[in-house]
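I opened this model to look up a few annotated positions and side-chain contacts, and I keep my notes here in the order in which I went through them.

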Number of protein chains: 2
Amino acid sequence: MELLKKRILEEGKVSGEEILRVDSFLNHQMDIGLFQEIGREFHRRFSGKQVTKILTIEASGIGIAAIAALYFQVPVLFAKKTQSRNLDKETYKSSVYSFTKQTTYEIQVSKAYLGPEDHVLILDDFLANGQAVLGLMDIVRQAGATVEGVGIVIEKGFQDGGEKIRRQNVQLESLAVVDRFKDGKIRFLDAVRQTDGSQNTTQE
Amino acid sequence: MELLKKRILEEGKVSGEEILRVDSFLNHQMDIGLFQEIGREFHRRFSGKQVTKILTIEASGIGIAAIAALYFQVPVLFAKKTQSRNLDKETYKSSVYSFTKQTTYEIQVSKAYLGPEDHVLILDDFLANGQAVLGLMDIVRQAGATVEGVGIVIEKGFQDGGEKIRRQNVQLESLAVVDRFKDGKIRFLDAVRQTDGSQNTTQE
């Protein structure tokens, strides 16, 4: 998605070889016009899928999922990372290991809002080691629901989250895939292997 | 806002005298169609204001703010509750006391995205003791920006957050104001004193 890549190049801030900050438009300040383009693009890429619910995780996935839902016309459900007295006691739970923080946290979704009839699109802002998305996929499967696909705004192509998800024969669509940052420069991996073995050479 | 009140009556779950759970449509599962009506209503109520930015707090304010931003056509900024390596080091900070959890947490907003030129609308899902909103107002003032108003989806009229905010001569618009829950029943306070001393008898 060229518009997104342009913004990443213009505004992304690189620290070391692995950290990319895009808080001017994606995960602190949110450019809702760009989010609409992102939502439209997810809808285009998953147009063959029958989606009944979008699932994301707090906090920075919520804005993207909410705007994308305008195009899919389905409810959004966001997994909570902490115990909350505002949730039903009956929840699906999964443990997520954070490589960054080297701790494990629990995510949960109320059983009331996810069931065998659901076809779920998982959306998130970043994909690195894939632990959060795998936790969400685990919850969808606990519910007996179907994972229709995973949509990511920025995938770190040099970490193995993408490979882990594709290995499970799930359609993964990352709107921008970045390579490890060398000399503070951002490069995109344009051709990413798809689940079906074809090359994704989509430029827009 | 009658549509919202109807949903609260139909789906809200009351525990004791103070807890109202609306996780089927507001802060766990999000009904984006309803969020559009909420966003449109906030835009109507703050139509006299020149808003340049919407400010909210993670996590459950984000969806509401993102959809409301479609009508205001401004960026959304969400305060973070935890330290994040994805934030600039230069941040505005404020301490928020949680009566529920009896702990104080810090919220922060990057200095890069809020300045004296900004006219800020603060949005959140719930208003009870008002500590989170007061923390956001503190951050706006640290930035030298102007608080144009505070929009809340559900205010607990029996707690003093609303009074604290109105006392500062800030336009507070709560789309539904609930009374303390007696016998598990939900009642709305229809007439809420406005900043200007008039009565809010808006039914829609």
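**Annotated positions and ring contacts**

I began with K156(A), which counts as buried because its relative accessible area is 8%, where buried means under 20%, exposed over 50% and partly exposed in between, with a 1.4 Å probe and protein chains only. K156(A) belongs to strand 9 (residues 146-156) of chain A; strands (E, at least two residues) and helices (H or I, at least four) are DSSP runs numbered from the N terminus.

I note that this is a predicted model, in which local features need pLDDT of at least 70 and side-chain atom pairs count only at pLDDT 80 or more, while totals for chains, interfaces and linings use all residues. Residues are numbered from 1 along each chain as its sequence is written, chains are lettered from A and ligands numbered from 1 in the order in which they are written, and side-chain values use heavy atoms, with hydrogens and water left out.

I checked the UniProt record next, and its unreviewed entry lists L20(A), N27(A) and K156(A) under "binding site"; such annotations may be inferred rather than shown by experiment. L20(A) lies in strand 2 (residues 19-21) of chain A and is buried, at 3% relative accessible area.

I then turned to aromatic pairs (ring centres of Phe, Tyr or the six-membered ring of Trp within 6.5 Å; planes under 30 degrees apart are stacked, over 60 edge-to-face, the rest tilted), and the structure holds 4 of them over all chains. Y97(A) and F99(A) are edge-to-face, because their planes stand at 85° with the ring centres 5.1 Å apart. Y97(A) is partly exposed at 32% relative accessibility, and F99(A) is partly exposed at 45%.

In chain B, F158(B) and F181(B) also pair edge-to-face, at 5.9 Å between centres and 75° between planes. F158(B) sits in the loop between strand 9 (146-156) and helix 5 (161-166), and F181(B) in the loop between strand 10 (172-178) and strand 11 (192-193), so the pair ties together parts 23 residues apart in sequence. Both F158(B) and F181(B) are buried.
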